[in-house]
Amino acid sequence: MKAMRWLLAGLSALLISDGATVASENAGSKEATSDLPFSATDVAVFDTPWALAFLDEDEMLVTEKGGRMWLVTTGGDKVPVEGVPDVVYRGQLGLLDIAPAPDFAASGLVYLTYVEPNAASGSLALARASLARGDGEVSLQNFDVVWRDDALPGGGQAGGVIAFAPDGRHIFLTVGDRMRPKRAQDLSTPQGSIIRLTLDGEPAPGNPFEARSQARPEIWSFGHRNPYGLGFAPDGQLWAHEMGPRGGDELNRIEAGGNYGWPLVSNGDQYSGASIPRHSTRPDFTAPSLYWNPVIAPAGLAFYTGTRFAGWKGSALIGGLAGLSLSRITFDPSGAAHEADRWDMEARIRDVAVDPDGYVWVIEDDAEGRLRRLEPK
C-alpha cells in the first residue's frame with residue numbers, strides 16, 4: 001500500500017484532465033530580457049532583507065536576515081519592530097519569513113520563522129506574536145514559539161516559508177533538509193518536507209502520515225531539498241519551488257503524501273560533479289511541473305490576483321537570486337506550468353509580493369537591498 005500511494009502521488013502530477021501525460025518542462029535556457037513591461041520605483045533600503053508581507057494597503061512588514069524587523073509604509077517610512085527574538089545569523093540562516101494571521105485585522109497576530117540559537121547550529125522555529133503599537137513604537141508581544149524542528153540540526157537550507165490555507169484554518173511551512181539530504185526521505189524527521197499545522201502549531205488532523213508509526217504527523221509532503229517559495233494559486237492548489245543542487249531548481253504542484261524524490265532523483269547533479277538519477281527514471285516519485293537547468297535559484301513566490309497588470313491574473317511571480325531576475329509563470333488548463341516571462345532585474349531578487357492595489361513589490365538580497373514597487377508602463 002505504501003508503494004502504491006507514492007506511485008499514485010507521483011503520477012498525479014503528470015496526468016492532465018484527459019488522461020494524457022505531461023513531461024516536466026526545462027526553462028533553464030530561457031534568457032532574461034531587459035525590455036521590462038513595468039517601471040521600478042525605489043521605496044526603501046534594508047540590510048540583507050529576507051521577506052516582506054503586506055498588512056493592508058498602506059503598510060507591510062519586512063524582515064532582515066540578521067535579526068531585525070521593520071514596519072514600512074508604501075511611502076518608505078520605516079519603524080523598527082521591537083521584541084524580535086535572537087537568531088542564528090550566518091550563511092542561509094537568520095530571521096526568515098513573516099506573515100500576518102488570516103484574521104490579522106481583528107487579532108493583530110503575525111507569524112514568523114527564524115533559526116533559533118541552541119547548543120549546535122540552530123533549529124528552525126515558527127512563532128506567533130501580537131503586533132502592538134503605542135507612542136510611535138511597534139513591538140512583538142505575547143511571543144510564543146508554536147512549532148520547532150527538534151530533529152538534530154545541520155547546516156544551511158532551513159526553508160522557513162509560511163503559507164496559510166485558503167480557508168484560513170491551517171499553516172503550511174517549508175522545512176529544508178539542512179544539508180542532510182537523506183533526511184528528506186525519512187518520515188521520522190520534518191527536515192526536507194512541507195508540513196501542515198493548525199494555527200496553534202499542532203499537527204493538523206487529516207495529514208497523510210498521521211496514522212503511520214514513527215512518522216511525523218505534521219508532514220504533508222516530503223522529498224524536498226531547499227524550498228524557498230510556497231503559495232496557493234487562485235484555484236486553491238498549493239505550489240512550492242525549491243533550489244536544486246548543481247542544476248535542477250524545481251516548481252512543484254504539492255499534493256498530500258507526495259514524495260518529490262530528493263535526494264534519490266533530481267534534474268541536476270551534485271556539486272562534486274557526481275550524477276544523480278533523473279526524475280524520468282523513477283515514476284514512483286512526483287516530478288516537477290517546471291524546472292531550471294541552468295538554475296535561477298528561485299526565492300519568493302506570489303500569485304497575481306490584481307488588475308493593474310493586464311493578462312497577469314493567475315500567474316505566479318518568482319524571484320531569481322542567481323538569475324538576477326523576476327519570472328512570471330503561467331498555468332494551462334491541465335495545470336502544467338510554463339515560464340512565460342523572465343525579466344532582468346540586475347539584482348538578486350529575494351522576495352516578491354502583491355499589494356491590495358495590485359502593484360508588485362520586490363526586495364533585493366544585498367547589504368543595501370532595495371524595496372521596489374513595480375508599476376505597469
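**Torsions, salt bridges and a cavity**

Trainee: Is Gln157 buried or exposed?
Mentor: Gln157 counts as buried, at 6% relative accessibility. Buried means under 20% relative accessible area, exposed over 50%, and partly exposed in between, with a 1.4 Å probe and protein chains only.

Trainee: What sort of model is this?
Mentor: The model is predicted, so local features need pLDDT of at least 70 and side-chain atom pairs count only at pLDDT 80 or more, while totals for chains, interfaces and linings use all residues. Residues are numbered from 1 along each chain as its sequence is written, and side-chain values use heavy atoms, leaving out hydrogens and water.

Trainee: What is the mean pLDDT of the chain?
Mentor: The mean is 93, and 94% of the residues reach 70 or more. pLDDT is the predictor's confidence in each residue, from 0 to 100.

Trainee: Where does it stay under 50?
Mentor: pLDDT stays under 50 over residues 1-21, which have 29 contacts (heavy atoms within 4.5 Å) beyond four places in sequence. Where pLDDT is low, the predicted coordinates should not be read in detail.

Trainee: Back to Gln157. What is its phi?
Mentor: Phi of Gln157 is near 55°, a positive value in a residue other than glycine. Gln157 lies in the loop between strands S10 and S11 (159-164). Strands (E, at least two residues) are DSSP runs, numbered from the N terminus.

Trainee: And what about phi of Asn142?
Mentor: Phi of Asn142 is also positive, near 55°. Asn142 sits within strand S10, residues 137-148, and counts as exposed because its relative accessibility is 64%.

Trainee: What does Arg370 pair with?
Mentor: Arg370 pairs with Asp42, and their closest N and O atoms are 3.3 Å apart. The two come from distant parts of the chain, 328 residues apart: Arg370 in strand S25 (residues 369-376) and Asp42 in strand S2 (residues 38-46). Arg370 is partly exposed, at 24% relative accessible area.

Trainee: Which residue does Arg148 meet in a salt bridge?
Mentor: Arg148 meets Glu116, at 2.5 Å from N to O. Arg148 belongs to strand S10 and Glu116 to strand S8 (residues 109-116), so the pair ties together parts 32 residues apart in sequence. Glu116 is buried, with 12% relative accessible area, whereas Arg148 is partly exposed at 40%.

Trainee: Last topic: how many cavities of 30 Å³ or more does a search find?
Mentor: The search of the whole structure finds one. On a 1 Å grid over the protein atoms alone, a cavity is a set of points where a 1.4 Å probe fits but cannot get out, and lining residues have an atom within 4 Å of a point.

Trainee: What volume does the largest cavity have?
Mentor: Its volume is about 50 Å³. Of the 13 residues lining the largest cavity, Arg225, Glu242, Glu250, Trp262 and Ser266 are the closest to its centre.

Technical notes. 1 Å grid on protein atoms, 1.4 Å probe; cavity = no way out; pocket = protein on both sides within 12 Å on 5 of 7 lines; lining within 4 Å. Points joined across faces, edges and corners; volume = space filled by probe spheres on them. Helix = DSSP H or I, 4+ residues; strand = E, 2+ residues; numbered from the N terminus. Salt bridge = Lys/Arg side-chain N within 4 Å of Asp/Glu carboxyl O.
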